[in-house]
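Hello,

Here is the structure I promised to pass on. My notes follow below it.

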Amino acid sequence: MWIQLIGVAGTLLFFLSYQCRSNRNLFRVQLLSYLFYTAHLLLLGALTGGVSYMINTLRSFCLGSRWKFAHSQGMCAIICAMQLAALALTWSGRVSILPVAANIAATLGGYTHNPRKIRIAGMFVNSPLWIVYDVCVGSWAGLLDEAVTEGSMILSIVRFGWKDLDREEA
C-alpha cells in the first residue's frame, strides 16, 4: 500500500509537469517526480525500471539546468548510453527492455528541445512501453501515472495549442 502511494505522489508531480509552459520548468518538476518513482520501483523490486528512473532524474536535471553542455547532443548520447548500460547491468529478461526503450525515446524527444516533439515521444512511445512494464512488475501507481500523463499531455495541447508547441527552446 505505501509503495503504491509513493508512486501516486510521483504521478501527481508528473501531471503537474506538463502544465508548465517552459521546458525548463517541465523538466524541474519531472525531476521531483522521478525521485518518487525511483523509490517506488526499487521497493517493488523492479530494478531495471528503478535504475532507469535514476537516469531520468539526471536527464531532467540536465534539461532543467542552465549548463550549456547539459543541453547538448553529447549529453543526450551519454544519457542514452547510461540507459543501455543499466539494461545490461540489471537484465531480468525481455521485460527489462521496456523501460529502457521508453526512456531512450523520451530522452531523444527531450533533447529536440521542442515541446511538440517531447509530447509526441511521451504519448506514442514512452507511455505505451511503460504501461506494459507497469503491468508486468505490478506497479498500479505506474499505470495510473501513464493514464494521468497521457491526459496531462492532451490537456497541455488543448491549453497551449498544437501549433504553439512547435518551437525550439534552449
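**What I found**

Start with the contacts: of those in the chain between residues at least 6 apart in sequence, 71% join residues at least 24 apart. Keep in mind that this is a predicted model.

**Confidence**

The mean pLDDT of the chain is 92. A score of at least 70 is reached by 99% of the residues. Among the elements, α4 has the highest mean pLDDT, at 98. The lowest mean belongs to helix α7, residues 140–160, at 89.

**Overall fold**

The secondary structure consists of 7 helices and 0 strands. The order from the N terminus is therefore simply α-α-α-α-α-α-α. The radius of gyration is 15 Å, close to the 15 Å that the globule rule gives for 170 residues, so the chain is as compact as a globular protein of that length. Along the principal axes, the C-alpha trace spans about 40 × 30 × 25 Å. Buried residues make up 54% of the 170. The accessible surface comes to about 7,800 Å². Carbon and sulfur atoms account for 73% of that surface.

**A nonpolar patch**

Which residues form a nonpolar patch on the surface? They are L58, F61, W67, F69, I78 and M82. Together they have about 560 Å² of accessible area. Two elements give two or more residues each to this patch: α3 (47–64) and α4 (73–90). M82 sits in helix α4. Its relative accessible area is 33%, so M82 counts as partly exposed, between the 20% and 50% cut-offs.

**L89, also in α4**

L89 is found in helix α4 too. Is L89 buried or exposed? It is exposed, with a relative accessible area of 73%. L89 and L47 are 42 residues apart in sequence. In space, their C-alpha atoms are 9.7 Å apart.

**S65, between α3 and α4**

S65 lies in the loop that links α3 and α4. Its relative accessibility is 11%, so S65 counts as buried, the cut-off being under 20%. Leaving aside neighbours within four places in sequence, S65 is in contact with R24, A70 and H71. The C-alpha atoms of S65 and F27 are separated by 8.9 Å. Along the chain, that pair is 38 residues apart.

**H113, between α5 and α6**

Please look at the backbone here. Most residues other than glycine have a negative phi. H113 has a positive phi of about 60°, although it is not a glycine. H113 lies in the loop between α5 (97–110) and α6 (115–137). With a relative accessible area of 10%, H113 is buried.

**R119, in α6**

R119 is found in helix α6. How buried is this arginine, in relative accessible area? The value for R119 is 1%, so it falls under the 20% cut-off for buried residues. What does R119 touch, not counting residues up to four places away in sequence? The list is Y18, C20, L26, M153, S156, I157, F160 and L165. Of these, M153, S156, I157 and F160 fall within the span of helix α7, residues 140–160.

**Where to look first**

One is the nonpolar patch formed by L58, F61, W67, F69, I78 and M82. Another is H113, with its positive phi.

Best wishes

Notes:
Residues are numbered from 1 along each chain as its sequence is written. This is a predicted model: local features need pLDDT of at least 70, side-chain atom pairs count only at pLDDT 80 or more; totals for chains, interfaces and linings use all residues. Side-chain values use heavy atoms; hydrogens and water are left out. Patches are made of residues with over 30% relative accessible area and no salt bridge: like charges are joined within 9 Å, nonpolar side chains (Val, Leu, Ile, Met, Phe, Trp, Tyr) within 5 Å. Accessible areas come from the Shrake-Rupley method with a 1.4 Å probe; for residues, only the protein chains shown count as cover. A salt bridge is a side-chain nitrogen of Lys or Arg within 4 Å of a carboxyl oxygen of Asp or Glu. Helices (H or I, at least four residues) and strands (E, at least two) are DSSP runs, numbered from the N terminus. Buried means under 20% relative accessible area, exposed over 50%, partly exposed in between (1.4 Å probe, protein chains only). pLDDT is the predictor's confidence in each residue, from 0 to 100. The radius of gyration is taken over C-alpha atoms; the globule rule is 2.2 Å times the number of residues to the power 0.38. Contact means heavy atoms within 4.5 Å.
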